[in-house]
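Here's a quick tour for anyone meeting this protein for the first time. Have a look at the sequence and the model, then read on.

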Amino acid sequence: MQRDVRETVMKYVFLISALISVLSIILIFYFIFSGGLPFILRQGVWEFLTGTNWRPTASQPEFGILPMIVGSLIVTGGAILIGVPIGVLTAVYMVFYCPKRYYRYAKSAINLMAAIPSIVYGFFALQIFVPFFRIMGRSGMNMVTASLLLGIMILPTIIGLSESAIRNVPKSYYQGAIGLGTTHERAILTVVVPAAKNGILSAIILGIGRAIGETMAVILVAGNQPRIPTELNQGVRTLTTNIVMEMAYATGQHREALIATAVVLFVFILIINLFFTRVKNKGGKR
């Protein structure tokens, strides 16, 4: 009798927890879209998304977020180009090459990277990367610096999930490849890693979400210039930094425009997740 009661109670505890999670997403969705969508419709979707001028406090305000969209895409793309290869190769090293006596130290270091606050990463880049690029004759606060910083910040996510995906591949895959005469490295790269691609894609999705949603660290090193960059040494402003930098003093249309920017960011993340989920599902059916 007690066991039945306990199971019933736990069943409803799990149900309530799940409902809270779903309700949280619905509330976030409602708040963002109810606050930002009316402004987008008044401003015009095309004008808002493709406008190149952001002058919210001018006598004739202009609300074009294309520079911030381009900045977010460039910085996120650069972070993925840096973080994904390094992260996946590090995961391969952790599974197949790292000596057991060193593994726990390496794993602890990676976990510690995930626990470091983003503002600390920002100060690190401000003290190391920015002066380095200035020595090279470039502006230290630019899209390259921001991409490099975000590439480092997404490493723990990509390494951890990719390692778990690789470890979950049946050992018979590797043993079968070795039995057919292939080399150790070739068996890993052509058999084991492709077999773990669904888990690796999940790691990439979370890495993109971390990169495109990062704010505080990017503010310190990106230059925060609301313009479409034409050179690598130019500063950029992302969607998230645009919201954080101006929300404290924004009122009226300006505040609505910032909430509308959050709507665009939310939609971007949804599209990215749907795209990679579709790719992952297609890969799993083959």
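**A salt bridge to start with**

In this predicted model, the side chains of R167 and E163 meet in a salt bridge, with 3.1 Å from N to O. The two residues sit four places apart in helix α7, so about one helical turn separates R167 from E163. That spacing makes sense, because an α-helix has 3.6 residues a turn and residues three or four places apart point the same way. From here, let's follow the charges, then step back to the whole protein.

**More on the charged pairs**

- E163 is another story: at 2% relative accessibility, E163 counts as buried.
- E163 also has K107 as a partner, and the closest N and O atoms of that salt bridge are 2.9 Å apart.
- K107 belongs to helix α4 (residues 100–115) while E163 belongs to helix α7, so this pair ties together parts that are 56 residues apart in sequence.
- K107 itself is partly exposed, with a relative accessible area of 22%.
- Elsewhere, R237 and E246 make a salt bridge of their own, and its closest N and O atoms are 2.9 Å apart.
- Both ends of that pair are tucked away: R237 is buried with a relative accessible area of 8%, and E246 is buried at 7%.
- The salt-bridge count comes to six.

**The protein as a whole**

- The protein has 13 helices and two strands.
- Picture a box of roughly 75 × 70 × 35 Å along the principal axes: that's what the C-alpha atoms fill.
- Of the 286 residues in the protein, 37% are buried.
- Take the contacts with a separation of 6 or more: 70% of them are between residues 24 or more positions apart.

- Domain 1 covers residues 1–43, and domain 2 covers 66–284.
- The centres of the two domains, taken over C-alpha atoms, are 28 Å apart.
- How many residues are in contact across the boundary? Domain 1 brings 10 residues, which touch nine residues of domain 2.
- The size of an interface is often given as the accessible area lost when the parts come together.
- Here domain 1 and domain 2 bury about 870 Å² between them, with 82% of it on carbon and sulfur atoms.
- On the domain 1 side, I32, F33 and F39 lose the most area to domain 2, and together they make up 48% of what that side buries.
- The count between the domains is one salt bridge.
- R42 forms a salt bridge with E256, and their closest N and O atoms are 2.4 Å apart.

**A nonpolar patch on the surface**

- V5, V9, M10, V13 and F14 form a nonpolar patch on the surface, and together they have about 440 Å² of accessible area.
- One of these residues, V9, lies in helix α1, which spans residues 2–43.
- V9 counts as partly exposed, at 46% relative accessibility.

**An enclosed helix**

- Why is helix α6 (residues 143–153) described as largely enclosed by the rest of the structure? It is because eight of its 11 residues are buried.
- The buried residues of α6 are M143, T145, A146, S147, L149, L150, G151 and M153.
- Those buried residues pack against α3 (66–97), α5 (118–135), α7 (155–167), α10 (197–213) and α11 (216–221).
- S147 makes a handy example from helix α6: it is buried, with a relative accessible area of 7%.
- Which residues does S147 touch, leaving aside its neighbours within four places in sequence? S147 is in contact with I74, V75, G78, A79 and I82.

Notes. Residues numbered from 1 in each chain as written. Predicted model: local features only at pLDDT ≥ 70, side-chain atom pairs only at ≥ 80, totals over all residues. Heavy atoms only, no water. Patch = residues over 30% accessible without salt bridge, like charges linked within 9 Å, V, L, I, M, F, W, Y side chains within 5 Å. Areas by Shrake-Rupley, 256 points an atom, 1.4 Å probe, with all protein chains shown as cover. Salt bridge = Lys/Arg side-chain N within 4 Å of Asp/Glu carboxyl O. Buried < 20%, exposed > 50% of the residue type's maximum accessible area, 1.4 Å probe, protein only. Domains from an automatic or database assignment. Contact = heavy atoms within 4.5 Å. Buried area = accessible area lost by both parts, 1.4 Å probe.
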